Amino acid sequence: MSYHVDKVSWLQKKALLKQIRERVFVYELHIPKEVEFDSLDALSEHVIIHSEENEAVGTGRLSPDGLISRIAVIQSHRNREAYTSLLNFLVLLASEKGLDTIYVNCILDEVPNFVESGFLKQGCVFMEAGIPRQKLRCPISSFNTEPFTMLH
């Protein structure tokens, strides 16, 4: 299956972005709605990934500081190709904005995979929506989608 990713405006596509994220984060992963949507939404770059049938199947955002977050892909499309398409597009956006480094707030189980692929730990472990996470950074020039599974 092939996917295509488009940059979208939060103001223009807010309803669709919220629908996808609510489906994944709020209903499936039980993250409180008030935690899922924050002030960074209005400041961030947002993308939507579409299936071959042009169905919106996922989203993600890039914060002004280079944090890639809110990667939400509906369950029937959670595969390497969908994640690779989304992440590569977000990293391209970061590069176009002149950023040299990207960040992810990684669940602890995935940290070793990211570290092996060139990511570096930054700061202490913290809790986000009841999930322990570690902030990791990576120079854009070293970015590799191989270690990524689910960034939810």
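With a relative accessibility of 29%, Asp38 counts as partly exposed. Salt bridges with shared partners link this residue, Asp38, with Arg21, Glu36, Asp41, Arg61, Arg70, Glu128 and Arg133 in one network. The structure is a predicted model. The protein contains 5 helices and 7 strands, and these follow one another along the sequence in the pattern β-α-α-α-β-β-β-α-β-α-β-β. The radius of gyration is 14 Å, close to the 15 Å that the globule rule gives for 152 residues, so the protein is as compact as a globular protein of that length.

**Overall dimensions and surface**

- Taken along the principal axes, the box filled by the C-alpha atoms is roughly 35 × 30 × 30 Å.
- Of the 152 residues, 45% count as buried.
- The accessible surface of the protein comes to about 7,700 Å². Carbon and sulfur atoms account for 51% of this surface.
- Among contacts between residues at least 6 apart in sequence, 62% join residues that are at least 24 apart.

**The four-stranded sheet**

- Strands of a sheet pair through backbone hydrogen bonds, in either a parallel or an antiparallel manner.
- In this protein, 4 strands form an open sheet in the order β1-β2-β3-β4, and their pairing is antiparallel.
- The edges of this sheet are β1 (4-8) and β4, each of which pairs on one side only.
- On average, neighbouring strands of the sheet are turned by 20° against each other, direction ignored.
- Strand β1 and strand β2 (residues 45-50) run antiparallel and are joined by 5 bridges. Within this pairing, Val5 stands opposite Ile49 of β2.
- Helix α1 packs on the sheet and touches β1, β2, β3 and β4. The direction of α1 makes about 70° with that of β4.
- Helix α4 (residues 80-96) also packs on the sheet, and it touches β1, β2, β3 and β4. The direction of α4 makes about 150° with that of β4.

- Strand β6 (residues 120-128) pairs with strand β7 (residues 131-139) in the antiparallel sense, over 6 bridges.
- Phe126 has Arg133 of β7 as its bridge partner.
- Between the two strands of the hairpin lie 2 residues, and Ala129 takes a positive phi near 55° there.

**Salt bridges**

- Side chains of opposite charge can pair when their charged atoms come close.
- The whole structure holds 12 salt bridges.
- Glu36 forms a salt bridge with Arg70, and the closest N and O atoms are 3.5 Å apart. Because Glu36 lies in helix α2 and Arg70 in strand β4 (residues 68-73), the pair ties together parts that are 34 residues apart in sequence.
- Both Glu36 and Arg70 are buried.
- Arg61 and Asp38 meet through their side chains in a salt bridge of 2.9 Å, N to O. Arg61 is found in strand β3 (residues 56-62) and Asp38 in the loop between α2 and α3 (40-43), so this pair ties together parts that are 23 residues apart in sequence.
- Arg61 is buried, its relative accessible area being 1%, while Asp38, as stated at the outset, is partly exposed at 29%.

**Residues with a positive phi**

- His30 is a residue other than glycine, and its phi is positive, near 60°.
- His30 is situated in the loop between α1 and α2. At 64% relative accessibility, His30 counts as exposed, because the limit for exposed residues is over 50%.
- Ala129 likewise is not a glycine and has a positive phi of about 55°. Ala129 is situated in the loop between β6 and β7.
- With a relative accessibility of 32%, Ala129 counts as partly exposed.

Note on methods:
Residues are numbered from 1 along each chain as its sequence is written. This is a predicted model: local features need pLDDT of at least 70, side-chain atom pairs count only at pLDDT 80 or more; totals for chains, interfaces and linings use all residues. Side-chain values use heavy atoms; hydrogens and water are left out. Two strands pair if DSSP finds at least two bridges between them. A salt bridge is a side-chain nitrogen of Lys or Arg within 4 Å of a carboxyl oxygen of Asp or Glu. Buried means under 20% relative accessible area, exposed over 50%, partly exposed in between (1.4 Å probe, protein chains only). The radius of gyration is taken over C-alpha atoms; the globule rule is 2.2 Å times the number of residues to the power 0.38. Contact means heavy atoms within 4.5 Å. Accessible areas come from the Shrake-Rupley method with a 1.4 Å probe; for residues, only the protein chains shown count as cover. Axes are lines fitted to C-alpha atoms, for helices over the stretch in contact, and angles run from 0 to 180 degrees between N-to-C directions.
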